[in-house]
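Please view the sequence and the model first; the text then turns to selected side-chain pairings.

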Amino acid sequence: MSPEALSPSTWMSRHLSRRSLLRTGSAAAVGLGLGTAASGCGFDSGGSASQKTGDEPIEMKIDGDLVYFNWADFVDPAVFAGFEKEYDVKVVQSNFDSMEGMVAKLNAGNKYDIIFPTAKWAERLVQGNRLRRIDHSQLRNADAVFGHYNYFADPWYDQGSRHTVPFTMYKTGIGWRKDKIGDDLSGSWDDLWLSRAKGRVFVLDDRDEVLGMAALKRGLDVSTSDSDDLSEITSTLRSLRPHLRGFSSNSYNNLLTGNAAMTQAWSGDMAAMLNEAKDPSKFGFEIAKEGAPLNSDCYAIPSNAPHPGTAMLFIDYLLRPENVRKNIEYIGYPMPVKGSEDTYSALVEPFPSCVVSADELKDDLYFHNGDKQAERARDAAWTRVKAS
């Protein structure tokens, strides 16, 4: 299914559920101070003995229906239907609205066959011994991922990708209305401070993204927890506050409605906006020359998965070229699978900066986990930013 086949309301509701409305709450789009501050989430890293994983291989075979847990509407329904028909199984779907929500369900003992953590959360799950080993040699299209996108062959969050397979990837930049503020931007995070956009600027309602943006602007590590660095970052963000209309992760809808003249935005959401815009030429999207934060979602099989063999078959099925193309067109996010690049490039032709190339994947542009003290320091900095 292509995006053109979807009604505008269907496309919008799907992407709001992905990284916008459900992530931050509807109040986040209203204005300053109404978004929810980032909060810590207790992670049960030990689990029971039955939850702990070993390196025993998973036999790739149908061993029951697939119990699936992901962001809402993040796989093309036609792909689900094809999998069910080919393997004579049902896909039992549940959805989460945040990574914290996903882990809370796992900690509560809920059992799923396939989950989709981001890189940071994948590392936590791996360190907590909560994921099964995935044998890449059983996946018929694994070389299209690991043989071309070498970064994922040994990512920082999962050594040797022993427990994960990358699903999507994306980066963060600036979207803006050319018809409101022109198209002569500098290509820097400094553009958020433009006087002609003052009062009509949004930043994401996301701790790491906002602190990371200011860190990159100042030449600092995106995940820094150093007290001097955080002081510099919060000072930088205080200088941005007079320019802000609010904190909101509903970035593309704010641009479409004119609520924002400029906004910090995820590349995938800007791709979604292209389907809604009557005149895409009125909009722009840029990646700052100081650097753009990167992230990726992963396929992962929990250690207590009741049907891990079916989960392996599902990953294998989703890596088929025809299904990769369907999903790219359906969700608007690129996938690190060789041969799919042209599909995504065509989808985001007006916004070529949405493309994530293999060469752009670098450790220092990902948000990394810190220890408890580091996370508390970043939480405190974010609280100061939101309250200032």
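In this predicted model, Arg378 forms a salt bridge with Asp208, and their closest N and O atoms are 3.1 Å apart. A salt bridge is a side-chain nitrogen of Lys or Arg within 4 Å of a carboxyl oxygen of Asp or Glu. Arg378 belongs to helix α15 and Asp208 to helix α8, so the pair ties together parts that are 170 residues apart in sequence. Helices (H or I, at least four residues) and strands (E, at least two) are DSSP runs, numbered from the N terminus. Both Arg378 and Asp208 are buried, where buried means under 20% relative accessible area, exposed over 50%, and partly exposed in between (1.4 Å probe, protein chains only). Arg378 and Asp208 also belong to a network of salt bridges that links them with Lys120, Arg207, Glu375 and Asp379.

A salt bridge also joins Asp205 and Lys386. Asp205 lies in the loop between β4 (201-203) and α8 (207-217), and Lys386 in helix α15 (residues 372-387), so this pair ties together parts that are 181 residues apart in sequence. Asp205 and Lys386 are both buried. In the salt bridge of Asp179 with Arg177, Asp179 is partly exposed at 38% relative accessibility, whereas Arg177 is buried at 8%.

| Salt bridge | Closest N and O atoms |
|---|---|
| Asp179 and Arg177 | 2.7 Å |
| Asp205 and Lys386 | 2.9 Å |
| Arg378 and Asp208 | 3.1 Å |

The whole structure holds 15 salt bridges.

Attention now turns to a histidine. His307 is located in the loop between β8 (294-300) and α12 (308-318) and counts as buried, with 19% relative accessibility. A polar atom of its side chain lies 2.7 Å from the backbone oxygen of Asp65. Leaving aside residues up to four places away in sequence, His307 touches Asp63, Gly64, Asp65, Val67 and Asp113; contact means heavy atoms within 4.5 Å.

For the protein overall, there are 15 helices and 8 strands, and 58% of the 388 residues count as buried. Of the contacts between residues at least 6 apart in sequence, 80% join residues at least 24 apart. The protein exposes about 14,800 Å², of which carbon and sulfur atoms supply 46%; accessible areas come from the Shrake-Rupley method with a 1.4 Å probe, and for residues only the protein chains shown count as cover.

Residues are numbered from 1 along each chain as its sequence is written, and side-chain values use heavy atoms, with hydrogens and water left out. As the model is predicted, local features need pLDDT of at least 70 and side-chain atom pairs count only at pLDDT 80 or more, while totals for chains, interfaces and linings use all residues.

Terms used: A polar contact is a pair of N or O atoms within 3.5 Å; within protein, one must be able to donate a hydrogen and the other to accept it, and residues adjacent in sequence count only if both atoms are side-chain atoms.
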